[in-house]
Every structure is written in C-alpha cells, then in structure tokens.
Amino acid sequence: MKYDVVVVGSGPAGSVTARFAAESGANVLIIERRQEVGVPVLCGEGVSKGVDEFKVLEGKRWLANNMDGARIISPDGTMVKLAADMAGDETGYVLYRDIFDQELARGAIRAGAELMLNTCAVNILKENGKINGVKAKQFGEEFDIEADIVVGADGVESKIGRWAGMKTTLKPYDLETCAQYTLSNVEFDRAYCDFYLGKKIAPGGYAWIFPKGKDIANVGIGILASLSEPGMSLKLLDKFINSRPELKKGEPLRFLAGAVPVAEPIESVRDNLLLVGDAARQVDPITGGGLMASIEAGKTAGETIGKAIDEQRFDKEMLLPYEEKLKNTLYKKLKRNYVVKEIILGMEDKTLNMLADSLKDYKFDELSTLSLVKALVLKHPSLLIKLKPLLKLSRL
Amino acid sequence: MGKPKALVDKGKCLACGGCISVCPQDAITMCSSKAIVSKENCIDCGICIHACPVGAISNEVY
C-alpha cells in the first residue's frame, strides 16, 4: 500500500490537512482508529464564528446553536459579559461536533483523499533511518502503509511524534483533564457561553455551560492535571451541577471525558513527518479551544505538503515553511496566551473577584482574549509589570 | 510481592487519551477504545492516576 501522504487521525486537523494536500494534487490516505469519524465526541463543542472564514464547511447541519457572547463568572459570582454590540449579532457557535468532523472529512474525501476506519497506527515505518510510512493494524491484522509524508494528527496522545523522537509528552501542568454531560431538561433564555472560575469550582481550569438549544446544554469542567486527584473532574462536575437548581433537574443524554493540551506549540516538523492540531499542541492555552487553530494549521500543512509533492522533496527543510508560517501568525497568539494562562493560574480567588468587579460594566469592543487583557491593563496599570512579557510578544 | 503498576478499569475508561499524553514511559496505548498499561514499561509514577478525569486508573500490586 503506497500513498504520497498518510494522515493519522480524522479529526479537524487531519481532515483539513488531507483536504488541502489532496487539492494540491497529493495522493492521500487518512487512517482513523474509531469506527465512525467524530464519534465519540471529545469536546465542549463551542467555536468562534471566525470558523466561517476558512470556508471548509458546507451547509449548516453541524450547527446546534448561535451564540450572542460569552460570560465569565468569578468565584464570588461577579459576571463579566463579552457580548456582541447588537442583539442577534452572532459571535460564536455551539456545534454538533460529530457532524462537524464528518463534514470536514467529507471535504477531504471530495478533494480526493481516501479514508480507512477501524485502523490504528501502531508505529512509524523507517527505511535506512528515514521515515517512510506507518505500521497499521485493522481487525487484529498488521500491515504497512508506505508514504513519503506521515502526518501525525493523532490528537492529545501524539504518539506519532513520540515514535519519531519528538518531545510530545505533556507535563501535568500543561494538561486539562475534563468531564462533560450533555444535559436535557434545563432551560436557557439566553445565548451565552458561560465560564465559571474559582479554585473550589475548577482548580487551574473552569466549568462551562454551553447551551446547544433552549432546553439542552453541554455542562463540563476542566481542571489542571497537576492540581487534580484521581477522578476529581467528574466529582467536581457533579458538585457544580448539584449546587445549581437550574442544572440539577437536568437529565444527561451523554457523558464524556476529555484531555486538552494547554502547552506551548512544540517542534512539529521532521524529515518526511509533520504534526498538526492537538498533536502539535496547537490549542489556545487559556480557553483550551483547538478547533480554529487546527483548521488554520491544517490548511497551512496541506498547502506545504502540496508543494513538497510537486517538487518530490520531503525533507525537513521542504516542510519547514509550514511551521515558519505559523510562527508568524497562530503561534504568536498561542505563546501570548500561554503567558496569560500562567498569570491567571497564579491569581488567588479574591484577585479574580476584584478584577471581575472592575470589568463588570466594561464595554468590550470585540470578543477575544486580547480585548479582555487590554481591558485589564487599562483598569489595573500595575498588572503591566506581570504582563510585560506578554506585551513584548504582542509587538513581535 | 511485585511492584505496584497502574491498572485501567475498562468499565470506567472513556478513551480521552489524557493518561497517554502525560505518561513519561510511553507505557499506555489505546486499544479498542480503552487505555491499556504495559506492565513492563510502567514505573508507577502515578501521573496517569491523578490525570484521569473519571478515576479509572488505580495502582495494583502484581
């Protein structure tokens, strides 16, 4: 079995990479460990409306609910509202993530990529020290898939990179460990994604309520693995729900666990190999959101691969423009937000309360982490000292 | 008596992959949507046990 490119993983990063590589003329195979693309869902299912700009989705079958804004609720209940100026002016979406992933995979297939389900990678293949494919397993049978370029889009586990000798192992303080229910029989008169902060609610993370409709919502929690005890996410999630009457009457339709890297992006390119998405730690370290980053990186990766196939050169130098381009765009934001993440982690609950109180009537000009940081600095010039490395990064 | 090693409760594991991402020994793999610990490679550091959101991993003495 021989392809130009084998992509391990059919999540958004893998499918978008496959799509753009195939559109540039590459012969692409995606392998997926699961028996259905996008299932089980491992996600809070919230995304910024900026996702539209990539033009990688057809129709709206993936859309569960339009969001008017986000609200951050501090430990003492003070609310900071980041909303669109006009009512009905959408700022984000809550997704059906399974359909979302299937639509992205369909885009790759339409572009000419092949997709093999129930197939997991068990190792990378090497010939004379050079990576030339993956060893795969399907229904108990192992076989070789040869390829000039291997794409590790294997999510938080990032085994492909590890097998290639890259340092993909996460430190516990760079991992959010998550649990989530999709609750029915709850009521929402508003279209906001809510984020609850506080050491007692979610140490080193937050709890969230993302309404998927009028009477249904994803209610979840993420806590920093370095602050976690065994099973703590689930216990604190149950506590969060039981302490809120509007959630307590909810009945779960779905339960899931999740693991989100909140690290800085890592080395993502070697000869004949490229990592993309969660595998390359392309996730916003503050929110844990990775969809936008995965799609942006996947597009860049696919286009770079297309050029490599044209020139029939697959060495690191040929693939490096992928990483270089991201360093000038996406990675600036991710590195900046990693600094902010560390500052927030160092804050006591009373500091968060004080900051929230100072921002509770603030009118935000846009809904972004940067606008939140700008507002904080305006209100609290003393924060500038802590944020200095951050501002330096922003100017880069 | 043998050394303690991490053990995954297959009934509880929801295949999030968090344990795999933090294992310093590359001792955990996902197999049929459940995490499995290789007894040979596990050094009982306990990192995966603490990282599991649903408490599906414990250490057992073999």
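Student: In which order do the seven strands of the open sheet of chain A stand?

Tutor: The model is a predicted one. In chain A the sheet is open and its pairing is mixed. From one strand to the next the twist averages 15°. The order of the seven strands is β6-β5-β13-β14-β15-β12-β16.

Student: Which strands stand at the edges of this sheet, and why is one side of each left without a neighbour?

Tutor: A strand at the edge has a single partner strand, so one side of it has no neighbour in the sheet. In chain A this holds for β6 (79-83) and β16.

Student: How many bridges join strand β14 to strand β15 of chain A?

Tutor: Strand β14 covers residues 206-213 of chain A and strand β15 covers residues 216-224, and the two run antiparallel. Within this part of the sheet, A:A207 stands opposite A:I221 in β15(A). The number of bridges that join β14(A) to β15(A) is seven.

Student: At what angle does α4(A) run to β15(A)?

Tutor: Helix α4(A) lies across β12, β14 and β15 of chain A. Its angle to β15(A) is about 135°.

Student: How many nonpolar residues does the contact of α1(A) with α6(A) have?

Tutor: On the side of α1(A) the contact includes A:V16 and A:F20, and on the side of α6(A) it includes A:L291 and A:I295. The crossing of these two helices is right-handed. By class, the residues of the contact of α1(A) with α6(A) comprise five polar, three charged and, as asked, 11 nonpolar.

Student: What is the handedness of the crossing of α1(A) and α2(A)?

Tutor: Helix α2 of chain A spans residues 97-110, and its axis lies 8 Å from that of α1(A), at an angle of about 20°. That angle makes α1(A) roughly parallel to α2(A). The crossing of α1(A) and α2(A) is left-handed.

Student: How many residues does each domain of chain A give to the contact of domain 1 with domain 2?

Tutor: The domain assignment gives domain 1 as 2-44 + 98-170 + 264-327 and domain 2 as 68-89 + 171-262 + 343-396. Their C-alpha centres lie 30 Å apart. The side of domain 1 that touches domain 2 has nine nonpolar, two polar and two charged residues. Domain 1 of chain A gives 13 residues to the contact, and domain 2 of chain A gives 17.

Student: Which element gives the largest share of the side of chain A that touches chain B?

Tutor: The contact between the chains takes 26 residues from chain A and 19 residues from chain B. In chain A, the elements that give two or more residues to this side are β12 (175-184), α4 (232-242) and β16 (251-261). By class, this side of chain A has 14 nonpolar, eight polar and four charged residues. The largest share, five residues, comes from β16(A).

Key:
Residues numbered from 1 in each chain as written. Chains lettered and ligands numbered in written order. Predicted model: local features only at pLDDT ≥ 70, side-chain atom pairs only at ≥ 80, totals over all residues. Contact = placed C-beta atoms within 7 Å. Helix = DSSP H or I, 4+ residues; strand = E, 2+ residues; numbered from the N terminus. Nonpolar A, V, L, I, M, F, W, Y, C, P; charged D, E, K, R; others polar. Left-handed = near helix turned anticlockwise from the far one by under 90°. Pairing = 2+ DSSP bridges. Axes fitted to C-alpha atoms, helices over the stretch in contact; angles between N-to-C directions. Domains from an automatic or database assignment. Parallel < 35°, antiparallel > 145°, perpendicular 65-115°, else oblique.
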